[in-house]
Amino acid sequence: MLDSRPLEDPAEIRVAQSRRRSDSLRWVLGGIVLLMAGMALVDHFLAPPGESRSVISLSMGVVALLSFLMLRANPRKWGSPLLVVGILVTSAWAVYSYGSVRAAASQGMLGAVVMAGTYLSLRALWVTTVSGVLILGGLTWAEAGGHLVTPGLAADLRFWLMGSVIMAVIGALLHHTRKATDEAYLHQLNQSEDRLRLEHERDQSQRRFRRIFRLNPTALMIQYAGTGAILEVNPAFGRDLGYPDDRLVGQPAAHLWADVAQWEAHARLLFERGRTDWQHGQWLRSDGQPTEVLVCSELSEDASGMLILTTVLPGVAGALGSASNPASVP
Amino acid sequence: MARARMNGVTRWLGRWVRPSGTAAWPEPPSIVAARSAIAMRLSWMTAALGLGLFLIDRLAGVPVTADSLMTLVLAVMGALSWLLLKIRRYSSVAWLLVVFLFGMASASTWFFGSVRTINIVLILMGQVAAGIFLSRRGLVWTTVAGITLLGLLTWADAAGVLAGTPRFVVGWRTWMTQSASLVGVAAMMYLNRTQMRMAQALHLREAMQRLKAQLDRDLGQDRFARLFQSSPTPIFVQSARTGAIMDVNKAFERTLGYGRQQVLNRRDGFLWQHDEDHRQFVLERRSTRRTGWLPVTALCRDGQALALQISSERDDDPNDGLVITAMRVPGSMAGTLPTMYAPLEGPADA
C-alpha cells in the first residue's frame with residue numbers, strides 16, 4: 001500500500017524544531033547587526049555635532065554579532081540571554097544619554113520582552129519584564145528628579161528610524177513564532193489525515209481477517225494460554241464437531257480431548273517449542289462420540305495475553321497415518 | 001432575565017456575523033478561541049480598568065483633556081472585545097485590537113501634540129497583537145502599517161500640524177503606562193509561546209500516533225491476521241466480485257512454491273490442472289456459498305502436480321465480498337509433499 005506522505009520520526013521532529021529555532025535566531029541576529037550598523041551611520045551623519053549616540057547603536061550591533069558567533073559555536077547556550085541583556089542595557093543607556101524615557105530607544109524594552117518570550121524560558125520572560133519595568137521606573141524617577149541631561153524632544157528622522165528598526169525586529173521575531181506554529185499545525189493536519197486513513201485501513205484489514213477467520217472452511221479455535229478457556233471458534237469448527245458456536249466460548253479446551261494425556265502432551269510440546277506440528281488425537285464431538293482429528297497449535301502474543309491458535313482437521317487422521325502421536329512426545 | 005436577553009442578542013448577532021464552517025479551514029486554531037474564557041475575563045477586566053482609571057482621573061482632578069480620555073476608549077475597546085468574543089468572532093477581536101491600539105496611539109499623538117507621547121507604544125502593542133492573533137500576512141501588513149503610521153505621525157509632529165501643546169514632564173502615570181505596556185506584551189508573548197508549543201506538541205503526538213497506526217496496519221497485529229498467516233493449512237483469499245487473489249498465507253507459499261507477490265491480483269485458474277475434478281469444483285463454487293472438500297490437482301510453481309482437497313466459502317458483502325479457499329494437503333502434514341495424484345480420503349462435509 002502506498003502512503004501519501006513519508007513517516008516522520010518523532011526524534012527528528014524535535015531536532016527539526018530546534019534547528020528552525022536556531023536558524024531563525026541566526027537570521028534575526030544578523031538583521032540586528034546590519035540594522036544597528038545602519039543606525040550608527042545614520043546617527044553619525046544626521047545628529048547635530050556632539051549629539052551623536054552612534055556608539056550605542058554600534059554597541060548593540062556588537063552584542064548581536066557576539067551572540068551570533070556564540071550561537072554558531074554553541075547553539076542555544078548563551079546567545080539569546082546575552083542578546084536580551086544587551087538590549088535592556090543598551091536601551092537604558094540610550095534613554096539615559098538622551099535624557100528622557102520618551103526616547104525611541106525606550107521601546108527597545110518591549111523588543112527585549114518579545115525576544116525573551118520567543119527564545120527563552122517562561123521565567124526569563126517574566127524576569128525580563130520585571131527588569132524592564134524597574135529600569136523604566138528608575139529612569140522615570142531620574143528624569144522627573146532632573147538627574148538626566150535635558151533632551152531635545154523634537155521629532156526627527158532618527159526617532160522614526162529607531163522606532164521602525166525596533167518594529168521590524170519585533171515583526172521578524174513574531175513572524176518566526178507564527179511560522180513555527182503554522183508549520184506545526186499544518187504538519188499535524190497532514191499527519192492527522194494520514195492517521196485517520198491508516199486507522200481506517202487497519203480497521204478494514206482487521207475486519208477482513210476476522211471475516212477470513214469466520215469464512216475459513218477449516219476448523220479454527222482461539223483459546224487463552226493461561227486459563228485454557230476457549231475465546232472463539234469459527235463456524236467450520238461448530239460444523240465439523242457438532243458444537244453450536246456460543247456453547248464452547250469460555251469452556252476449557254481440554255474438555256474437547258477424549259484423552260487428557262493427549263492434551264497434556266500436546267500442551268507440553270506447544271509451550272516447549274511455541275508451536276506443534278500436526279498431531280493426531282481423539283476429540284469429543286458434541287454428542288459425546290470420540291472422533292479422530294489432526295491438531296496443530298501455535299502460541300501467539302496478543303494485547304489480551306498469550307493465546308493458543310489451533311487448527312483442527314476432523315475425521316482425516318486415519319488417512320494421514322504418518323502424523324505424529326502426541327502421546328509419544330517426550 | 002437580562003442575562004437571557006443578552007444571550008438572545010448575542011445569538012442573533014452570531015447568526016449574522018459568524019463565518020461559514022469552511023471559510024477559515026485549515027487556518028490554525030485561534031489561541032483566543034482555545035482560551036476564550038480567559039480572553040473574555042481579560043476583556044471585561046480591561047473595560048473595568050479603563051473605566052476605573054477614568055474615574056480616578058476625574059476624582060484626582062486631572063484636567064479633562066482629549067489625551068486623558070484615552071482610558072475611556074480603553075474601556076470601550078474592552079467592552080467591544082467581550083462582545084465579539086461572546087459571538088465567537090475571534091479574528092475580529094484581533095483586528096479590533098489593532099485598529100483601536102493604532103487609533104489610540106494616533107489620537108494620543110494628535111491631542112498630546114507630539115509623537116513623543118508615551119502612548120506611541122500602543123503601535124507596538126497592536127503589532128504584537130497582530131503577530132499573535134492574526135495570520136502571518138496580517139502581521140506583515142500590520143508591521144508595514146505601523147512603520148508608516150509612525151512615519152506619518154513623526155512628520156506631522158515635525159511639521160507642527162498636531163493639535164496639542166506637549167508637556168514633556170514624566171511621573172508615575174507615564175511609568176505606569178509604560179509598565180502596563182510591557183506587562184501586556186509579556187502576557188501576549190506568553191500566549192504566543194503557549195500557542196507555538198502546543199502546536200509543536202500536537203504535531204509530535206500526531207506523528208507518534210500515525211507511526212503506531214501504520215505499524216498496526218502493516219504488521220497486522222490483529223489476532224485474526226496472525227491466525228491467517230500462521231495457519232498450517234494453505235489459504236488464499238479472492239475478491240468475490242473480480243476473482244482476483246487478494247492475499248495468501250505462508251502455508252500457501254510453502255506448499256505451492258509461489259511467492260505472495262507472484263499471485264496477487266491474479267485469478268486462481270493458473271493454480272489448477274483443468275480436469276474433471278476442477279470442473280466439478282468450479283460448478284459447485286458457482287452454485288453454492290460454501291463448497292465441500294473436493295479433490296483437485298494443483299500445479300506447483302515448478303510444474304509438479306499436487307493432489308489436495310479444497311473447500312471455498314464466500315460471503316455476501318456487496319462492497320467487499322470475499323472468497324476464502326482452504327486446502328488440505330496430506331503429504332505436507334506428514335512432512336513431505338506428494339508428487340502424484342492421490343486424493344485424500346475423508347468426508348466431503350459441507
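This is a predicted model: local features need pLDDT of at least 70, side-chain atom pairs count only at pLDDT 80 or more; totals for chains, interfaces and linings use all residues.
A residue counts as buried here when its relative accessible area is under 20%.

**Aromatic pairs**

Over all chains, the structure holds eight aromatic pairs. One of them brings together A:Phe209 and B:Phe228 in a tilted arrangement. Because A:Phe209 belongs to helix α6 (residues 157–215) of chain A and B:Phe228 to helix α9 (residues 223–230) of chain B, this pair joins two chains. A:Phe209 is buried, at a relative accessible area of 11%, and B:Phe228 is buried too, at 3%.

Then there's an edge-to-face pair inside chain B, made by B:Tyr258 and B:Phe270.

| Pair | Centre to centre | Angle between planes | Type |
|---|---|---|---|
| A:Phe209 and B:Phe228 | 5.4 Å | 50° | tilted |
| B:Tyr258 and B:Phe270 | 5.3 Å | 90° | edge-to-face |

Over in chain A, ring pairs tie A:Phe237, A:Trp257, A:Trp263 and A:Trp283 into a cluster.

**Charges over rings**

Chain B also puts arginines over rings. B:Arg58 lies over the face of B:Phe54, 4.7 Å from the ring centre. B:Arg328 has its charged end over the ring of B:Trp293, at 4.0 Å from the centre.

**Chain B as a whole**

Chain B is built with 13 helices and five strands. It has 350 residues, and 49% of them count as buried. If you look at its contacts between residues at least 6 apart in sequence, 56% join residues at least 24 apart. The chain exposes about 17,200 Å², with carbon and sulfur atoms supplying 63% of that.

**Where the chains meet**

Contact between the chains involves 109 residues of chain A and 107 residues of chain B. Together the two chains bury about 9,900 Å², and 66% of this is on carbon and sulfur atoms. On the chain A side, A:Arg102, A:Met167 and A:Arg178 lose the most area to chain B, together 9% of what that side buries.

How many salt bridges are there between chain A and chain B? The count is five. In one salt bridge, the side chains of B:Arg136 and A:Asp182 meet at 3.2 Å, N to O.

Conventions. Residues are numbered from 1 along each chain as its sequence is written. Chains are lettered from A and ligands numbered from 1 in the order in which they are written. Side-chain values use heavy atoms; hydrogens and water are left out. Rings of Phe, Tyr and Trp (its six-membered ring) pair if their centres lie within 6.5 Å; planes under 30 degrees apart count as stacked, over 60 as edge-to-face and the rest as tilted. Helices (H or I, at least four residues) and strands (E, at least two) are DSSP runs, numbered from the N terminus. Buried means under 20% relative accessible area, exposed over 50%, partly exposed in between (1.4 Å probe, protein chains only). A charge sits over a ring if NZ of Lys or CZ of Arg is within 6 Å of the ring centre and within 35 degrees of the ring normal. Contact means heavy atoms within 4.5 Å. Accessible areas come from the Shrake-Rupley method with a 1.4 Å probe; for residues, only the protein chains shown count as cover. Buried area is the accessible area (1.4 Å probe) that two parts lose on being put together, summed over both. A salt bridge is a side-chain nitrogen of Lys or Arg within 4 Å of a carboxyl oxygen of Asp or Glu.
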